[in-house]
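Visitor: Hi! Could you walk me through this one?
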Amino acid sequence: MRTSTGAMPYILVYGTDVVIPIEVEIPSLRVIQEAKLDEAEWIHLRKEQLMLIDEKRMDAVCHGQWYQNRMASAFNIRVKSRQFILWQLVLNKIFPHQEEAKVKFAPNWQGPYVVHRVLLAVALILAEINGRVSKKPINSDAIKRYYV
C-alpha cells in the first residue's frame, strides 16, 4: 500500500525500504549497493534518512488531514439542515434495539407526535396527539417531519 507521497508505511516507521527474504537469498541491485558501503558512508546515509523521516511523516499527516477535510466537505454538501417548530407534527424513528422493532415487518417510524419543546435545535421534547408529554428529549436526527 503506497501513500500519495510515494512512501510506504514501512519506511515511515523504520526509515528504510522493505527487504523481502528472496532479496537476501538472491541479492537485488539495491541490497548489493547497500552492502558495498563502508561504515562511515552507511552512517552518513542513515543519518540523512533519519532526518528525512520527520518530513515524510509530516507529509503523510498533512495528506491525511487534507483527505479528511475533502471527504467532510463532500459529505456536508448533501446534508440538509432540518428545523423543527413548536406544534409541528413529526415521526419518531424506531431503532433496531427497541422492542417495537422485534417483529419482522414492523414499521420503521412511530407517530405522529407533536413538537412540544425544541432544545438548542439538536433535541426535541415530543408530546403525543392526546397531549401526554414525553419526559426524555429525543435527538433531532431520529425525527422527521410528518405531512398530513
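Predicted model: local features only at pLDDT ≥ 70, side-chain atom pairs only at ≥ 80, totals over all residues.

Visitor: What's the strand order in the open sheet?
Guide: The five strands run S4-S3-S2-S1-S5, with antiparallel pairing. Strands are DSSP runs (E, at least two residues), numbered from the N terminus like helices (H or I, at least four), and two strands pair if DSSP finds at least two bridges between them.

Visitor: Which strands stand at the edges?
Guide: S4 (138–139) and S5 (143–145); each has a single partner strand, so one side of each lacks a neighbour in the sheet.

Visitor: And how many bridges join S2 and S3?
Guide: Six, linking residues 109–119 with 123–128 in the antiparallel sense. Leucine 119 has alanine 123 in S3 as its bridge partner.

Visitor: New topic: is glutamine 88 buried or exposed?
Guide: Buried, at 11% relative accessibility (buried is under 20% relative accessible area, exposed over 50%, partly exposed in between, with a 1.4 Å probe and protein chains only). Glutamine 88 sits in the loop between helix H4 (39–78) and strand S1 (89–93).

Visitor: What does glutamine 88 touch?
Guide: Leaving out residues up to four places away in sequence, glutamine 88 touches Gln83, Tyr113, Val114, Val115 and Arg145, where contact means heavy atoms within 4.5 Å.

Note on methods: Residues numbered from 1 in each chain as written. Heavy atoms only, no water.
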